[in-house]
Amino acid sequence: MSAKVPVVKLNNNLDYPIIGLGTWKSKPDEVYQAVKDAIDIGYRHFDCAYLYENEKEVGAALSEKIKEGAVKREELFIVTKLWNTDHKKELVVPALKRSLELLNLEYVDLYLIHWPLALKEGVGLFPKDADGKTLFSDAGFIDTWKGMEECVKLGLTKSIGLSNFNHKQIQKVLDIAKIKPVNNQVECHPYFNQSKLIEFCSKNDITVTAYGPLGSPYRPLRPGATTLLEDPVVKTLSEEYKKSPAQILIKYQIQRNVVVIPKTVTKSRIASNFDVFDFTISPEDMELLNSLNKPDGRYVLLDDCVGHPDYPFNEEF
């Protein structure tokens with residue numbers, strides 16, 4: 001592991017780099033160069049998913065850097081995710097094998113269930129009926145978890161975890177798990193700080209990864225809303241610490257011991273996002289950032305699936 005990257009310890013005793021490069025919405029041709037640039041800068045953690053439809057390009061970049069000797073496979077921590085249309089137990093192992101083939105890897109370090117809800121199998125990533133309504137599957141995430149455990153037994157992944165699960169859903173997995181989840185990846189930023197969910201996960205020895213740590217600035221804003229990067233408190237702290245708003249928001253998560261995966265394909269921003277280990281936000285300013293939390297601060301809602309019995313956001317946390 002690169003000495004520059006602090007780690008959190010997973011409950012299976014593996015080291016998980018506290019900062020990684022997110023690849024959601026990164027175009028295939030751009031993510032290839034972004035991954036190579038990130039490795040040169042010092043990143044060792046890359047967050048992927050079958051849904052993102054760019055695993056092949058990520059894999060090509062990883063292979064190239066390994067081949068040229070810039071990094072060893074064992075120094076990398078690669079995460080990918082099981083999509084909602086592959087939740088039936090018998091589909092889980094084939095789905096991971098498909099991702100591994102795209103990534104040109106023999107194993108990943110962490111495999112996550114992308115969402116707790118299952119969609120109809122075999123008709124595309126977002127199956128819909130003639131009226132445009134999302135088609136659900138009757139697969140339950142408990143059976144999905146048993147498929148995830150099989151992936152570990154087969155050596156296809158070193159660790160397994162969850163994404164977008166609420167605390168009740170996590171507990172249901174814990175109640176039956178023979179292999180405990182090591183991580184829950186969720187939307188997390190000062191407007192939606194997830195303090196209750198983080199506390200629950202911590203008590204159960206589950207790490208948390210924050211996606212959308214900069215407040216998903218590419219998403220359309222509600223009328224009258226401010227982007228998190230433009231928030232007056234964030235901008236003031238940026239000036240005080242002589243760091244960019246993005247660096248403040250990334251460091252906020254790191255100081256909470258939350259793994260963070262900012263997404264960008266711009267080399268200068270990849271470098272800037274990584275340059276967060278030479279300052280400390282004071283406890284008072286951390287509380288100030290926490291105080292920005294809003295009841296409606298969540299950006300990622302997966303609205304098309306609100307009616308699903310396993311839709312996760314009907315719970316408080």
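Modeller: Strand 7 and strand 8 (residues 183–187) run parallel and are joined by 2 bridges, where two strands count as paired if DSSP finds at least two bridges between them, and where strands (E, at least two residues) and helices (H or I, at least four residues) are DSSP runs numbered from the N terminus. This is a predicted model, in which local features need pLDDT of at least 70 and side-chain atom pairs count only at pLDDT 80 or more, while totals for chains, interfaces and linings use all residues. Residues are numbered from 1 along each chain as its sequence is written, and side-chain values use heavy atoms, with hydrogens and water left out.

Within this pairing, serine 163 has glutamine 185 of strand 8 as its bridge partner. The chain passes from strand 7 to strand 8 through helix 5 (residues 167–176), and this β-α-β crossover is right-handed, a term that applies if, with the strands pointing away from the viewer, the path from the first strand over the helix to the second runs clockwise.

Strand 7 is also joined to strand 6 (residues 110–113), by 3 bridges, and these two strands run parallel. Here leucine 162 of strand 7 stands opposite isoleucine 113. Strand 6, helix 4 (residues 141–153) and strand 7 form a β-α-β unit that is right-handed.

As for the faces of strand 7 (residues 160–163), both are covered, with Ile160 and Leu162 buried on one side and Gly161 and Ser163 buried on the other; buried means under 20% relative accessible area, exposed over 50%, and partly exposed in between, with a 1.4 Å probe and protein chains only.

Leaving aside residues up to four places away in sequence, phenylalanine 46 touches Leu21, Val35, Ala38, Ile39, Leu62, Leu76, Phe77, Ile78 and Val79, a contact being heavy atoms within 4.5 Å. Tyrosine 43, for its part, is buried, with a relative accessible area of 0%.
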